[in-house]
Amino acid sequence: MVTLEEELNVEIRPEKFLHTVEYDYPNFHLTMHCFISVITKGTIELIEHEDAKWLKPDELDSVAWLPADVEVVEKLKIYLKEKNEL
């Protein structure tokens, strides 16, 4: 189990590694390991974020993603297509 209490107040179980992003923003370097995960405890509550939105697979391109997120969204589309969900 992994807790995301600090940001979302939930516990998750990572099920599949998706992608690692390495991205240089002007003031810092980001390394972000992304997983397909399942919530095992709690209900999502925005603690560190101002907004959240559930998207259907065909709505993924409707968001103006931050630069580091674009790679992850493309990997997610491939994953969903392989699972016949996109």
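**Reading burial, core and surface patch**

User: In this predicted model, is Lys77 buried or exposed?

Analyst: Lys77 is buried, since its relative accessible area is 16%, and residues count as buried when that value is under 20%. As for its place, Lys77 belongs to helix H1.

User: What does the side chain of Lys77 make a polar contact with?

Analyst: The partner is the side chain of Asp61, and the polar contact between the two side chains spans 2.7 Å.

User: Which residues make up the largest nonpolar core?

Analyst: A nonpolar core gathers buried residues that are joined through their side-chain atoms. Here the largest one has ten residues, namely Leu18, Val21, Cys34, Ile36, Leu60, Ala68, Val72, Val73, Tyr79 and Leu80. Two or more of these residues come from each of strand E2 (11-24), strand E3 (29-41) and helix H1 (67-82), and the largest share, five residues, is the contribution of H1.

User: Which residues does Cys34 touch, leaving aside those up to four places away in sequence?

Analyst: With those sequence neighbours left out, Cys34 touches Phe17, Leu18, His19 and Val72, and of these Leu18 and Val72 are also listed, like Cys34 itself, in the largest nonpolar core.

User: Which residues form a nonpolar patch on the surface?

Analyst: The patch is formed by Ile39, Ile44, Leu46 and Trp54, which together have about 430 Å² of accessible area. One of them, Ile44, lies in the loop between E3 and H1, and Ile44 is partly exposed because its relative accessible area is 37%, a value that falls between the 20% and 50% cut-offs.

Methods:
Residues numbered from 1 in each chain as written. Predicted model: local features only at pLDDT ≥ 70, side-chain atom pairs only at ≥ 80, totals over all residues. Heavy atoms only, no water. Core = buried A, V, L, I, M, F, W, Y, C linked by side-chain atoms within 4.5 Å. Buried < 20%, exposed > 50% of the residue type's maximum accessible area, 1.4 Å probe, protein only. Helix = DSSP H or I, 4+ residues; strand = E, 2+ residues; numbered from the N terminus. Contact = heavy atoms within 4.5 Å. Patch = residues over 30% accessible without salt bridge, like charges linked within 9 Å, V, L, I, M, F, W, Y side chains within 5 Å. Areas by Shrake-Rupley, 256 points an atom, 1.4 Å probe, with all protein chains shown as cover. Salt bridge = Lys/Arg side-chain N within 4 Å of Asp/Glu carboxyl O. Polar contact = N/O pair within 3.5 Å; in protein donor to acceptor, adjacent residues only side chain to side chain.
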